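My plan is to look things up piece by piece and jot down what turns up.

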Amino acid sequence: MARLLLAIALAAPAFVAVTANPAAAAEAPQVRQIGEEKAANVAIAGKAAGHMIHEPGSSYIKVHMRLSPDAHVTVSNPSGTEVHTYHGTKQTGDSDVTLHGRKGFAALSIDGDTAVVKRHAGEVHIDGYWRGFREDEMIGIQSVCSTDARRDVVCYQTSHPTEYARSRAVAKLLIGGGGSCTTWRVGNTNRMLTNKHCFSTQAAVQSSEMQFNYQCATCGGNNPGAGTKVSGAQLIKVSTGGSGELDYTLYSVNNFAAIQGFGTLYLETRAPRAGERIYIPGHGDGRPKRLSIFEDTQNGAVCTVRNAAINSWNMSYSCDTSGGNSGSPVLSANHRVLALHHLGGCPNNQGARMHLIYQQIATLIDNNG
């Protein structure tokens, strides 16, 4: 049965999710709440070197702060393997920021349970932060049909090299600091797609970040690196209608050059066909990227289109997904995007048919590839 989750973080919507159930269930948007905002009031000035924020077991820390014009600050993990640099007067080389409707900005998130805010010059004031939920706080929300056959993308690097390569264009979307969806590059220019129910306003785009290459280094290793993070730039187009219809948001990112090396995805411009093979890369539960290639058993039956037109907007499938998979691309055997995943509910997980979306955004993207 569908359950309502109350949003905690700034700019995050109310969420509905579906529990695993092999029987028919009501379809619902698959956004995931993965963190919460906490208040802070820490001034770093004079001889003070910095401040450490530690939330034991948390998956990430994202710091909101205000800087004096002469300030220079870094936000990092304790080992210094992930570092974001900022100045009170922006300088070339500064990291991206996200904006949250109040004075100051939030730094890009730091993976792990500790963020070190180091003052190098000027004055820094920390007025809040987001912490990612601990493992024991994550409520199990999924639309896994029978056995969960998803695996880390790296598990398929050798056996399915094209599927692995295409999945590199897919990123985790951190919405406003606490919500999570999936997003991906579309076409040859600075364009990204996700669901409208993930975000649909300019303010929400600017408060969100996109994390590319967030995936495990070894199969089943639970050892992801932080990857490459950029922030949302401009809202370009949003679909009309509700979350059960085409449900898309087209937008751009800051620092586009940083993510171009991860490749891009191109859209199918034809209607889907019942029974054709599909696969889905995504960040279900806000976790490192996984691939749904098989229905239940590795090297068994592959994921396929169950109903090519279950209604006016969607096709259906029982390929495994979970909360946070909203916005995932559903790719065809031709490795082009056939649908935009957005509804969970076994046996009819659903994606908006991409040829219908393409008709509305064709002039806004470069789909030649």
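This is a predicted model: local features need pLDDT of at least 70, side-chain atom pairs count only at pLDDT 80 or more; totals for chains, interfaces and linings use all residues.

**Around helix α3**

For the names, helices (H or I, at least four residues) and strands (E, at least two) are DSSP runs, numbered from the N terminus. The buried residues in α3 are Met 354, His 355, Leu 356, Ile 357 and Ile 361. I use "buried" for under 20% relative accessible area, "exposed" for over 50% and "partly exposed" for in between (1.4 Å probe, protein chains only).

Residues are numbered from 1 along each chain as its sequence is written, and side-chain values use heavy atoms, with hydrogens and water left out.

**Nonpolar cores**

Next I went for the cores, meaning sets of buried Ala, Val, Leu, Ile, Met, Phe, Trp, Tyr and Cys residues joined through side-chain atoms within 4.5 Å. In soluble globular proteins, nonpolar side chains tend to be buried together. The largest core here has 28 residues, and Trp 184, Leu 267, Ile 357 and Ile 361 touch the most other members.

I then picked Leu 267 and listed its contacts (heavy atoms within 4.5 Å). Leaving out residues up to four places away in sequence, Leu 267 touches Trp 184, Val 186, Arg 336, Val 337, Met 354, Tyr 358, Ile 361, Ile 365 and Asn 367. Apart from that core lies another one of 19 residues, including Leu 67, Phe 105, Leu 108 and Ala 115.

**Salt bridges**

How many salt bridges does a search of the whole structure find? I got 19, counting a side-chain nitrogen of Lys or Arg within 4 Å of a carboxyl oxygen of Asp or Glu.

Lys 229 pairs with Glu 82, with the closest N and O atoms 2.7 Å apart. This pair links distant parts of the chain, 147 residues apart: Lys 229 sits in strand β21, and Glu 82 in the loop between β8 (72-76) and β9 (83-87). Both Lys 229 and Glu 82 are buried.

Arg 134 and Asp 136 form another salt bridge, at 3.0 Å between the closest N and O atoms. Arg 134 is partly exposed at 30% relative accessible area, and Asp 136 is exposed at 59%.

For Glu 268 and Arg 270 the closest N and O atoms are 3.5 Å apart. Glu 268 is buried at 6%, while Arg 270 is partly exposed at 21%. I also noted one network, in which salt bridges that share partners join Arg 32, Glu 135, Asp 285, Arg 287 and Arg 290.

My search ran on a 1 Å grid over the protein atoms alone: a cavity is a set of points where a 1.4 Å probe fits but cannot get out, a pocket is an open set with protein on both sides within 12 Å along at least five of seven lines, and lining residues have an atom within 4 Å of a point. Points are joined across faces, edges and corners, and a volume is the space filled by probe spheres set on them.

I count two cavities of 30 Å³ or more. The largest cavity has a volume of about 70 Å³, and its lining includes Ser 59, Tyr 60, Lys 172 and Tyr 214. β20 gives the most to that lining, three residues. The second largest cavity holds about 30 Å³, with Arg 150, Ile 280 and Asn 325 among its lining residues.

The largest pocket has a volume of about 560 Å³. Of its 26 lining residues, Ser 59, Tyr 214, Asn 222, Pro 224 and Pro 288 lie nearest its centre.

**Cys 303**

Cys 303 sits in the loop between β24 and β25 (314-317), and its contacts include Ile 278, Phe 294 and Cys 319.
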